[in-house]
Amino acid sequence: MRKYVIMGVQGSGKGTHSAMLAEDLDLVHIGVGDILRWNVQNHTKLGAQIRRTMAAGSLVSDDVIEGVVSERLSQHDWNYGFIIDGFPRSERQAEFFLESYDLDGVIHLYLPDSEVRRRVLARRLCASCGMDYNLIDNSPHADGKCDACGGELIQREDDTEEALAVRLRTYHEETNPILELFERKEYVITVDARPEMELVQAEIVAKLGLSTVLPPSSSSGVTRVEGTGRA
Ligand SMILES: [Zn+2]
């Protein structure tokens, strides 16, 4: 069984890489943000609580997050392990998590702030159909127009230079102590998130020491050593 935490700033490809690793290793991918969104969309009791918190301009509390994670992990559908994204959020939670779940590793996707800024400020969204674009490697065919519906492409309200600076500051304030704690216990592998997706994934796999246990996968595009003795 393998148990991982993945950490990285927005735009670092956390979701993509967790999903790829989960598929390769048959892990359950636990995205705390996804669980919160699901609860809001499905109008659960927890969803109502989250909505009230957000309406009051506050962040969802550590206790709520902790409850969500404990409940998800108590379902025990993770026979081969899990990869969790969006948790822990504090040193206390990190300590607790280390004691309770015997982690195998913490994957830290490193992306410099300048690159986060470049990626996030290039994001566009179709005002009509909601399709996502980015002006770096996924530009629309016609400037400012959605390929699918011709709608106008806009920036998200909170994708401004100022809002992003605040998010980055908060991210580092929250994350650095947790990363340091994990680093002291020698759990962290740091992977540069700037190269192409397949290269980043290959480096994660190599640094986790998994290269020999992965089944062949045609979708990942990663070259693996072939078995011997077969024509
Ligand atoms: Zn559109």
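Q93 in helix α5 is in contact (heavy atoms within 4.5 Å) with D62, E66, F87 and P88, leaving aside its neighbours within four places in sequence. Q93 counts as buried, at 0% relative accessibility; buried means under 20% relative accessible area, exposed over 50%, and partly exposed in between, with a 1.4 Å probe and protein chains only. The model is predicted: local features need pLDDT of at least 70, side-chain atom pairs count only at pLDDT 80 or more, and totals for chains, interfaces and linings use all residues. Residues are numbered from 1 along each chain as its sequence is written, and side-chain values use heavy atoms, with hydrogens and water left out. Helices (H or I, at least four residues) and strands (E, at least two) are DSSP runs, numbered from the N terminus.

- P88, one of the contacts of Q93, lies in the loop between β3 and α5.
- F87 and P88 are joined by a cis peptide bond, with omega about -5°.
- E66, also in contact with Q93, is one of the buried residues of α4.
- Helix α4 covers residues 62-73, which is 12 residues. From its first C-alpha to its last it reaches 16 Å, close to the 16 Å expected at 1.5 Å a residue; the expected span is 1.5 Å times one less than the number of residues.
- The buried residues of α4 are V64, I65, E66, V68, V69, R72 and L73.
- The cover over these buried residues includes the strands β2 (28-31) and β3 (81-85) and the helices α2 (32-41), α3 (45-55) and α5 (91-101).

**Helix pairs**

- Two packed helices are described by the angle between their axes and the distance between the axes. Here the axes are lines fitted to C-alpha atoms, for helices over the stretch in contact, and angles run from 0 to 180 degrees between N-to-C directions.
- The axes of α5 and helix α7 (residues 161-184) come within 9 Å and cross at roughly 30°. This angle makes α5 roughly parallel to α7; angles under 35 degrees count as roughly parallel, over 145 as roughly antiparallel, 65 to 115 as roughly perpendicular and the rest as oblique.
- α5 passes α7 in a right-handed crossing. A crossing is right-handed if the near helix is turned clockwise from the far one by less than a right angle, and left-handed if anticlockwise.
- On the α5 side, E91, A94, E95 and L98 meet P177, I178, L181 and F182 of α7. By class, the residues of this contact divide into six nonpolar, no polar and two charged; Ala, Val, Leu, Ile, Met, Phe, Trp, Tyr, Cys and Pro count as nonpolar, Asp, Glu, Lys and Arg as charged, and the others, Gly among them, as polar.
- Helix α1 and helix α8 (residues 197-207) have axes that come within 11 Å and cross at roughly 55°. That angle makes α1 oblique to α8.
- The crossing of α1 and α8 is right-handed.
- T16, H17, M20 and L21 in α1 meet M197, V200, Q201, I204 and V205 in α8. The contact of α1 with α8 has six nonpolar, three polar and no charged residues.

**A22 in helix α1**

- A22 is placed in helix α1 (residues 14-25) and is buried, with a relative accessible area of 7%.
- Not counting residues up to four places away in sequence, A22 touches L27, H29 and I83.
- A22 and I83 are 61 residues apart in sequence, while their C-alpha atoms are 6.8 Å apart in space.

**Loop residues**

- H76 lies in the loop between α4 and β3. Its phi is positive, about 50°, although H76 is not a glycine. H76 counts as exposed, at 55% relative accessibility.
- D102 is placed in the loop between α5 and β4 (105-110). D102 has a phi near 50°, a positive value in a residue other than glycine. With a relative accessible area of 54%, D102 is exposed.
- D104 is found in the loop between α5 and β4 and is partly exposed, with a relative accessible area of 40%.
- Leaving aside neighbours within four places in sequence, D104 is in contact with M1, R2, K3, Y4 and Y187. D104 and Y187 are 83 residues apart in sequence and 7.2 Å apart in space, C-alpha to C-alpha.
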